Amino acid sequence: MAIETPPPSSSTPAVLRAYAAPIFIFALSMFFQLFLLPRSFPTSHYDVLGVKMYGSVDDVREAYAAIASKWDSDSGGGRPADFIKIQYAYELLTNPIWKRDYDVYGIDESVHIIDELEKQYAVEEFSKIKLPLLEVVSYEPEREGLATITSQDFASKFQDSRPWLIQVYSSGSDSSALFSTAWRRIVDLLDGVANHAMVELGDIRLVTYLAEKKTTGQVFFRKGLPSIVAFPSHCKTADCLVRFEGELSTDAVTDWFATTVLELPRVFYHTKETLVPKFLSKVPPNKVRVILFSQTGERATPSVRQAAKDYWNFASLTYVLWREEDASFWWNALEVESAPAMVIMKDPGLKPVVYHGSGNRTWFLDILEQNKQLQLPQLRSTTSMELGCDARGYSRAGFETATWYCAVLVGRQSTELNKMRETMCRIQDALSNHDASDEASKDPSVAPAASAHKNKRLTLAWLDGEVQSKYCFFYVQSETSYDTCGTRKSPIDVPRILIIRYHRNATESANAEKEKSSNWPKTVWQSEVDDVDPAAQLVVSYDGPAETSEIIKWLSKMVEDGDSKNLPFYRAKTPELVPESAEPMRSGVPKSVKATQALLRLWNRIKDYLADPRMGPTLLLGALLSAGSVWWTRSRSIQQPVQATQQSSTNQSDNNAEEEKKKERNRERRRRNAKGEEAPASITDNEPKDAVQILSSGLPQLRNVMKLGCDAWRYFRAYFDIATW
């Protein structure tokens with residue numbers, strides 16, 4: 001039996017629940033149309049004067065004259081608040097620049113004056129109000145030497161890949177005129193880092209391209225004037241420009257541009273308490289430490305941050321705020337007398353290099369370029385070829401040099417290693433300052449090493465034995481190599497000085513190059529030769545006292561013997577230097593700030609939709625469609641039970657008729673069986689008693705039947721032939 005679905009209830013609570021969504025959307029549309037929309041579209045200044053929207057200046061003057069004559073003839077006078085609004089509208093709409101800004105872009109930056117004057121003249125007569133209410137401003141940045149750009153030369157200016165910072169201003173805007181001083185400072189700070197220009201609102205085509213657009217397509221500036229936009233590097237269209245939405249100040253704009261657009265790393269400030277634990281001890285040993293002393297505490301300029309990015313692999317920069325009470329501390333520690341100052345700290349134990357005073361960007365970059373390298377360079381995967389301390393490469397003296405040397409200080413990071421690095425720096429200074437023409441400097445124990453160092457055949461460097469453990473163990477093959485190489489397993493750290501003699505045979509190198517370019521298959525012996533480095537090596541370890549003079553004599557002896565004697569050498573496959581992890585560069589906008597900016601953009605978009613006059617009719621249409629959908633659903637749910645009942649009754653009557661027919665056939669069959677009547681023949685009846693099945697009689701019977709058929713056919717043909725003849 002079919003189960004009937006009960007029809008939906010038609011009570012008032014049930015109907016309200018069913019139509020809850022349409023009712024809510026309808027109420028929302030009414031709230032938007034009656035409350036939100038009027039606030040988004042207040043009374044215009046044209047309405048105050050009774051002039052049609054976008055009326056001409058002459059229409060405004062005529063309307064104002066009519067209102068003024070009416071007020072003069074009125075003995076009682078009018079309210080000061082009304083007069084202030086009328087006078088403000090008249091002054092705004094009779095100024096061509098202000099009227100253009102108001103009509104095209106909706107800019108009315110002095111509207112706050114109305115509320116201020118209404119409070120000031122709340123109890124006085126309007127005749128006592130000082131006129132004019134607005135002060136005319138004429139701002140011309142070209143006279144101040146600031147670059148401007150128009151729609152005609154916009155495309156031609158964007159030829160290089162440098163980023164652009166653009167200010168949209170109005171020649172009649174008081175805010176733009178007040179921001180001119182800050183803009184000049186911003187332009188100075190961006191010199192050499194980015195391009196800059198200004199665009200006047202009168203260039204409607206270009207301003208429309210740069211401005212924001214409402215959901216209705218109207219051009220507007222959310223933060224008013226001046227408006228700051230930026231084109232990142234390689235950005236040529238408005239789809240990728242970035243808008244500044246913060247407070248208009250020199251510090252805020254430059255920090256936003258350097259962080260968001262240029263994606264430069266930040267340079268943080270430290271105090272005398274945090275300088276050592278949070279900066280000096282965190283900087284990798286292969287980088288120079290640069291300390292900038294500031295007297296004002298301003299953020300790092302974009303040029304300084306750009307330098308920090310460009311020299312990231314060589315130097316780390318930080319700021320220190322100068323305080324007079326800390327003057328003695330900085331003098332004793334770094335010999336800094338006053339700020340501004342720049343301190344460069346290189347190798348351990350070396351005296352810091354101090355520069356006092358402030359210079360321009362070129363001066364700052366020149367100092368960084370001169371001091372970007374450590375005095376004693378570190379042997380790394382990225383510097384081995386440059387230093388000439390690689391058996392796969394060549395000498396610093398050139399490709400033609402057959403024999404050269406590399407003196408390497410090997411050890412783990414420790415106090416002992418820092419002391420030996422200081423000693424190696426003194427050795428390098430002594431070799432660099434050695435003058436062969438000076439009689440006092442003609443020391444045979446120094447000359448070979450000094451000459452080789454001057455000719456770039458001798459290089460001094462140091463190696464981190466813990467990070468480059470395989471490389472270290474390859475050269476330091478002794479029972480105490482664990483005191484120098486690998487992970488520290490005991491409190492003992494023993495740095496060692498090694499000198500490696502490299503030798504290249506020009507004939508062998510030429511033959512090796514020919515074999516590499518040959519297409520013939522290589523033999524086993526040739527494959528083994530190709531597995532070794534092209535330069536032969538000889539390694540000697542220094543075991544003498546850690547004195548500068550003794551180490552220099554030992555180096556000179558090694559160089560002299562290596563150049564004059566036929567010393568043994570070996571060719572092997574030197575382990576490759578492990579790429580050391582670089583210090584991470586924290587650049588760009590932090591994730592938390594990006595999330596906040598995304599939420600702010602979403603909220604601004606919602607506010608734009610709430611100010612769209614099409615939202616009210618759209619919500620009303622949605623309410624009607626929703627109500628129609630609910631009505632249709634409820635109507636179908638009422639009709640379905642009736643249709644189901646009719647269908648079930650029809651099916652039941654058909655079933656009853658079929659059962660009656662079946663019963664009738666059964667009764668007829670029983671009646672025939674009782675009378676003994678034979679049913680009509682069919683292929684499903686029983687076989688008769690005298691029936692014969694040919695196939696069941698066997699093969700002989702079939703043969704006889706076929707023979708009789710053939711005889712009959714012959715008799716028939718014979719009879720036919722006789723008759724014809």
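**View 1. Lys661, Lys662, Arg665, Arg669 and Arg670 form a patch of positive charge on the surface of this predicted model.** Patches are built from residues that have over 30% relative accessible area and no salt bridge, with like charges joined within 9 Å and nonpolar side chains (Val, Leu, Ile, Met, Phe, Trp, Tyr) within 5 Å. A salt bridge is a side-chain nitrogen of Lys or Arg within 4 Å of a carboxyl oxygen of Asp or Glu. Arginine 669 belongs to helix α25, which covers residues 615–675, and is partly exposed at a relative accessible area of 48% (buried is under 20%, exposed over 50%, and partly exposed in between, with a 1.4 Å probe and protein chains only).

**View 2. Phe24, Phe26, Leu28, Met30, Phe31, Leu34 and Phe35 make up a nonpolar surface patch.** Together these residues have about 700 Å² of accessible area, calculated by the Shrake-Rupley method with a 1.4 Å probe. Methionine 30 sits in helix α2 (residues 20–40) and counts as partly exposed, with 30% relative accessibility.

**View 3. The chain as a whole contains 26 helices and 15 strands.** Helices (H or I, at least four residues) and strands (E, at least two) are DSSP runs numbered from the N terminus. Of the 725 residues, 37% count as buried, and carbon and sulfur atoms hold 55% of an accessible surface of about 44000 Å².

**Notes.** Residues are numbered from 1 along each chain as its sequence is written, and side-chain values use heavy atoms, leaving out hydrogens and water. In this predicted model, local features need pLDDT of at least 70 and side-chain atom pairs count only at pLDDT 80 or more, whereas totals for chains, interfaces and linings use all residues.

Terms used:
Lys and Arg count as positive and Asp and Glu as negative; His and the chain ends are not counted. The place of a charge is taken as NZ of Lys, CZ of Arg, CG of Asp or CD of Glu.
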